[in-house]
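User: I'd like to learn how to read a model like this one, feature by feature. Can we walk through it together?

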Amino acid sequence: MKEASWVVSLFFLSTSGGCVIPALIVNTIGRKNTMLLGAAPSIIGYLMIIFATSSWELYVSRFILGITGSISLTVTPMYLGEISPADVRGILGSMMSVALNLGTLIEFMIGPFVSVKNLALISLVGPCLFLITFIWLPESPYHWIRCDAKQKAINSLVQLRDKEDVYKEADSIEQSVKADLANKAGFRELLFTPGNRRALITVVCLCSIQQLSGIQAVLQYAQMIFDHANGKLEGKYLTMILGAVQLVCAVVCMMIIDRSGRKPLLTISAIGTACSSAIVASYFHLQYYHVDTSNIVWLPAICVILYIIMHSLGLGALPLTMASEMFPTNVKTLGIMTSVMMLNFIGFSIAELYPVISEKAGIHTPFWIFTACNLAGAVFTLLYVIETKGKTLEQIQEELHDLSKQKVKSEIHSNVDFPLRNF
């Protein structure tokens, strides 16, 4: 169990620390080239698994695979956000979640029936296909403008929009990027500029809630959870159902995100996930105190599937989609890097601590914690998160900075009024 938890959690530890790598090179070699470069550690990692003869080689391979994860999670949202028109940015941004869920389903369906080496060999197809197909796609026009190559940005937009009349959009991107780059790019600018700080708080909190909701524990230990519930259907088949449901719901989220908006989906997702995890916690709480649950052995499976449905409809895809939308060009890399580092550090902690807490305090304990975190996420979304549906990246920046200015003015007025009232 301990070795299994390390194999699971090392991926997230590596992904968390590895975010520094794309942050250092993405503005130099471009979004596209950074993503292509990210396929290399993936290929190396799977080859190591194929030829592994000891557990430490599996540890190293998972660590290397985490570097690919860090590049994908950091640069892909940035790339998708910059190439997308405002009216379909949500769809394209959430496609990343669909792709991740498709990969999870394939692993769930094939994994129980083949050896680890054969599974790694099958998984190796993914990065190879990515290299073959992605090499033909254009670079982000935002990156070309950043590099003062407007004609290349126009060519990129022509390819992306499939039309020649892209000069107005190119001019808008140029004005936005130059205005952003006129400001300094560093953690001080990210933390102390009010609009940037609000964006950072929003995205970091959403990424944290995504992981504190317990998704990694549910996905990585789904078969153990189902087997522990003593249901009649084997855990490996239930995990296949889980993967299929997750993929379908991610597709549904992708289709409705630009109609319903980010904020309603996030709120509904957090509340639904909280209700599902609370029921699972209640079931295992009863088992912990030796209450007869033989008549409701189906309950954990149904509620875990419901959990996956609700999580996939919002929390699964939207935090990284919003990460691609909310940061200005000058601090975008730092903002997304910080958010992804937090996401994966918490994912690592959950994957590592879940089996320990479950063993010592019962399976119900972590699920109660997940419930509380989901409820806190719903409240945070309702009170703090702004809606980005249908807005250009420039309009989102204007709203963030306008809200921050209003907050500062409100604080100044309240500080002035307070001594006057006392007087």
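This is a predicted model: local features need pLDDT of at least 70, side-chain atom pairs count only at pLDDT 80 or more; totals for chains, interfaces and linings use all residues.

User: How many helices and strands are in the chain?

Analyst: Helices (H or I, at least four residues) and strands (E, at least two) are DSSP runs, numbered from the N terminus. Here the chain has 22 helices and zero strands.

User: And what share of the residues is buried?

Analyst: Buried means under 20% relative accessible area, exposed over 50%, and partly exposed in between (1.4 Å probe, protein chains only). Of the 423 residues in the chain, 53% are buried.

User: What should I look for in a nonpolar core?

Analyst: In soluble globular proteins, nonpolar side chains tend to be buried together. A core here is a set of buried Ala, Val, Leu, Ile, Met, Phe, Trp, Tyr and Cys residues joined through side-chain atoms within 4.5 Å. The largest one has 48 residues, and L320, M326 and F327 touch the most other members. A second, separate core of 25 residues includes A217, F284, C303 and M310.

User: Which residues does L320 touch?

Analyst: Contact means heavy atoms within 4.5 Å. Leaving out residues up to four places away in sequence, L320 touches L73, P77, M96, C207, V340 and L343.

User: Now salt bridges. What's the idea, and how many does the structure hold?

Analyst: Side chains of opposite charge can pair when their charged atoms come close. The criterion is a side-chain nitrogen of Lys or Arg within 4 Å of a carboxyl oxygen of Asp or Glu. The structure holds 10 of them. Take K150 and D171, whose closest N and O atoms are 2.5 Å apart. K150 lies in helix 10 (residues 150–161) and D171 in helix 11 (residues 167–181), so this pair ties together parts 21 residues apart in sequence. K150 is partly exposed at 27% relative accessible area, and D171 is partly exposed at 33%.

User: Which residues are linked in a network of salt bridges?

Analyst: R89, D258, R262 and E325. Within it, R262 meets E325 at 2.5 Å, N to O. E325 sits in helix 19 (residues 318–326) and R262 in helix 17 (residues 262–288), so the pair ties together parts 63 residues apart in sequence. R262 also bridges to D258 at 3.0 Å, N to O. On accessibility, R262 is buried at 0%, E325 is buried at 0%, and D258 is buried at 16%.

User: Last one: how do I read aromatic pairs?

Analyst: Rings of Phe, Tyr and Trp (its six-membered ring) pair if their centres lie within 6.5 Å; planes under 30 degrees apart count as stacked, over 60 as edge-to-face, and the rest as tilted. A search of the whole structure finds seven pairs. In one of them, the rings of F130 and F134 have centres 5.0 Å apart and planes at 15 degrees, so the pair is stacked. Both residues lie in helix 8 (residues 125–134), four residues apart, about one turn of the helix. F130 is partly exposed at 27%, whereas F134 is buried at 6%. Ring pairs link Y79, F130 and F134 into a cluster.

How values were computed:
Residues are numbered from 1 along each chain as its sequence is written. Side-chain values use heavy atoms; hydrogens and water are left out.
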